[in-house]
Amino acid sequence: MERSLQTQLLLIMLLVSMPLALLLMGINVYYFNDYNAKLAVSNRRNMEMSVDSIESELEAIDETLMALIAGNTDFLLLSGGAGHLQAHLSSQTLITQMKTLMPAYSAVGAFFIYSTPSRSERDIFSGEFAYPEKQEIQKFVRACVAEDSITYDMEWRWAEIGGEAYLFRFYGGRGTYLTAMIPLRRLVRESEPEIGGEPVTVFTTADWQPLTQQDYIRENGIELQGDAESYFLSGKPRHMVISRAIRHTDCRLALLVNDREYLRTLQPVQIFFLTASLVCALSIPAFLFWLHRSVLRPLRTIQATMGHIREGDMDAKMPQNVRVKEFGQVHETFNSMIAQIKGLKIEAYEKEIESRNAELRYLHLQIRPHFFLNCLKSIYALARQGQYSKQEQMILAFSRHISYIFGDPMDMVPISREFEHIRNYLEIQQISAVIPPQYSVYAETAVEAFPIPPLSVQTFVENVFRHGVTPDRGLDLEVRASLLRTEEGAYVDITVADNGDGFPESVLKLLNEGNAWAESNRHIGIQNVVRRMRLVYGEDVMFAFFNNEKGAVSEMLIPVPEGGLSTGKKASEIDG
């Protein structure tokens, strides 16, 4: 088996240095992993204690408040819609009872009693809340009670209000609730473990979005999502992340431990092996540098240039200023050969482009609107009937139609322009038809600027009026363009649907058999669209024809080129 000089030199170097380097690196990896495992066990033990403490306090608050409202006459009166005086007295009694409970639970920031049936509101806050903060929290609780969408099964739920995160627990139902609120900042203070390595406690949502310490996480580039069962490392500087879900809530508690103090804890033997690994690793680049200047640089230059040419960059050239004479001769010969190939390729490409342009012009000339004569007759009829306003509209719409279809077939148009022409066409049909058709022309903002050949969608719309109109009901037409994302890539999906009798089975079979139907003389307009689209976008363009419960559907899927297109959040729609 033949091997290059570069490969042989590298094999010799690797056989000498790599076993020793791998041994030293393995020893260091073992020490690092062992240290991290011990540190993770210590940190997890402290975090588990913190989580257990939080869960115990939440359970204690649950038990106390459930016992308070279980069979409570005042709470039942509020739920049943008590009168103004009774509601005042009952809510005052309940809030007084909760006021006595607040010192027993230091984490609780506020209690609320809100009853929609009795039109009663009461709350009590601990002393650390400013008036604007109280107003925002009251507004949130009031909105939850008004929606009446909170159930007891939801347990403790987090909410972010005014940049602060809170836990809320709602007891009751049917518009009457007793609510407890806990600021997460209080739980952070109480759960901060005292371990080395500058730990930071973070509360997150169930899907790892931080609720506290957002600035710290952003500044250190920490990704919180990872191995929840053990630990993982993230950020710069690196942090050990350990987390656990908090029962009865939709939150997690994560502990971030900065390990920049790690090197200070290394033993002398660990420092020796680390230093030896670095020296061994540095010797490899030194040897490679020596090989690079004499042999490997010219070889890599040839490989890189050939790679550019393989990817289609015919302007790539070999450098002339090389140290080795033989390599200089190879570079000069190679550059001369590529210049000759490039000239031949350009000549063949220009001939292919000229051939395709001629075919596109021929196909465009075959697309002729079938209603020219009907339009002229409609204009004449409107003039005879004295409907001059409609006559003016018809003439203007007809002139815009002619201007569009006789444009340069080589010019691509955005979907929004094609849809504007379709709207103009449908306006002509509405003016001239006995039963005006109803239509919806819709294009997502993301695809409005996508270029297509002119009249490519118009042809399918004309086909609806030739085959989908029935005398017993009005035509209902929908034209839609949207962005479709699949595992294979993104597509522009253009659909034309009507409420007619649908395609006959024989026609459906013909249309969906690929190129089989193209051999016939029927559906010449659709044939032209297929051929034009494939000339522009290649064979990946797909067409589908089928019937649904409303009528016939024609669908065209155009692959989005590499680089994609920008997606918008809004859509434009024109209805008639």
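Helix 10 (residues 388-405) has 18 residues and spans 26 Å from its first C-alpha to its last, close to the 26 Å expected at 1.5 Å a residue. Helices (H or I, at least four residues) and strands (E, at least two) are DSSP runs numbered from the N terminus, and the expected span of a helix is 1.5 Å times one less than its number of residues. This is a predicted model, in which local features need pLDDT of at least 70 and side-chain atom pairs count only at pLDDT 80 or more, while totals for chains, interfaces and linings use all residues. Residues are numbered from 1 along each chain as its sequence is written, and side-chain values use heavy atoms, with hydrogens and water left out.

**Helix 10 and its partner**

- The buried residues of helix 10 are Q391, M394, A397, F398, H401, Y404 and I405, where buried means under 20% relative accessible area, exposed over 50% and partly exposed in between (1.4 Å probe, protein chains only).
- Because these buried residues fall within an arc of 155° when seen down the axis, they line one face of helix 10; the arc is that of the directions from the helix axis to the C-beta atoms.
- Exposed residues Y388, E392, L396 and S403 lie on the face of helix 10 turned away from its buried side.
- Helix 10 packs with helix 11 (residues 415-432) at an angle of about 145°, and their axes are 9 Å apart; axes are lines fitted to C-alpha atoms, for helices over the stretch in contact, and angles run from 0 to 180 degrees between N-to-C directions.
- The crossing of helix 10 and helix 11 is left-handed, that is, the near helix is turned anticlockwise from the far one by less than a right angle (clockwise would be right-handed).
- Residues of helix 10 in contact with helix 11 include M394, A397, F398, H401, Y404 and I405, contact being heavy atoms within 4.5 Å.
- On the side of helix 11, the residues that meet helix 10 include H421, Y425, I428 and I431.

**Helix 4**

- Helix 4 (residues 131-147) comprises 17 residues and reaches 25 Å between its first and last C-alpha, close to the 24 Å expected at 1.5 Å a residue.
- Within helix 4, E133, I137, Q138, V141, C144 and V145 are buried.
- D148 follows helix 4 and has a positive phi, near 55°.

**Other buried sites**

- Helix 12 (residues 458-467) is mostly covered, with eight of its ten residues buried; among them are F460, V461, V464 and F465.
- R44, located in helix 1 (residues 5-69), counts as buried at 18% relative accessibility.
- Leaving aside residues up to four places away in sequence, R44 touches A228, E229, S230, I242 and S243.
- A481 belongs to strand 13 (residues 476-486) and is buried, with a relative accessible area of 0%.
- Beyond residues up to four places away in sequence, A481 touches I415, F419, Y442, A443, E444, V447, D493 and I494.

**Whole chain**

- The protein chain contains 14 helices and 17 strands, and 42% of its 576 residues are buried.
- Of the contacts between residues at least 6 apart in sequence, 64% join residues at least 24 apart.
- The accessible surface comes to about 32100 Å², with 56% belonging to carbon and sulfur atoms; the areas come from the Shrake-Rupley method with a 1.4 Å probe, and for residues only the protein chains shown count as cover.
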